[in-house]
Amino acid sequence: MTNLELKNHPVWQDLTEVLENLNTDALVTEHLELCDYKICGYWDEQDNFYEQITLPRSLSAELVSSSIGVADKKRWIKLKFVLQDKNTTSQYLLGGNLTNNLGELTIIYDENLQFVDENWQINMDNSLIVSQV
């Protein structure tokens, strides 16, 4: 049996280079502008349904993780962002914790950086989130 080690393989350098050269701010901004900062048909973790959620336009996104996937002949990149209000100077008090966390957004792109899917985790307790039930 062949013992294969990937830790020194050039693929890691190539992937690191791709991720470092991605303009993740532009990707998130484009995505938010295309949906007009609104999420339609959102189910939260308590199985509450929201017809529409409006996010603040002062939203900023920080890339917290990235991964690639390969299945058969399909390849994709998954980018996970923490969403915060960039204009918040003081933090909001929620459940005893200081936070200005609006939630998380995961965007999946194909190998041509074409949008494939999204996943939202929204902090519905944040006062900046406007919802319609």
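Y50 is buried in this predicted model, because its relative accessible area of 12% falls under the 20% cut-off for that class. Y42 also counts as buried, since its relative accessibility is 6%.

A search of the whole structure finds 2 aromatic pairs, and in one of them the rings of Y42 and Y50 have their centres 6.4 Å apart, with their planes at 35°, so the pair is described as tilted. An aromatic pair is also formed by W43 and F49, and this pair is likewise tilted, with a distance of 4.9 Å from centre to centre and an angle of 55° between the planes. As for the cover around this second pair, W43 counts as exposed because its relative accessibility is 53%, whereas F49, at 32%, counts as partly exposed.

The two pairs can be set out in a table.

| Pair | Centre to centre | Angle between planes | Class |
|---|---|---|---|
| Y42 and Y50 | 6.4 Å | 35° | tilted |
| W43 and F49 | 4.9 Å | 55° | tilted |

Another part of the description concerns the surface, where L4, L6, V11 and W12 make a nonpolar patch of about 390 Å². Among these residues, V11 lies in helix α1, which covers residues 10-21. V11 counts as partly exposed because its relative accessibility is 31%, a value that also meets the requirement of over 30% for residues that make up a patch.

Definitions and conventions: Residues numbered from 1 in each chain as written. Predicted model: local features only at pLDDT ≥ 70, side-chain atom pairs only at ≥ 80, totals over all residues. Heavy atoms only, no water. Patch = residues over 30% accessible without salt bridge, like charges linked within 9 Å, V, L, I, M, F, W, Y side chains within 5 Å. Areas by Shrake-Rupley, 256 points an atom, 1.4 Å probe, with all protein chains shown as cover. Salt bridge = Lys/Arg side-chain N within 4 Å of Asp/Glu carboxyl O. Helix = DSSP H or I, 4+ residues; strand = E, 2+ residues; numbered from the N terminus. Buried < 20%, exposed > 50% of the residue type's maximum accessible area, 1.4 Å probe, protein only. Phe/Tyr/Trp six-rings, centres within 6.5 Å; stacked < 30°, edge-to-face > 60°.
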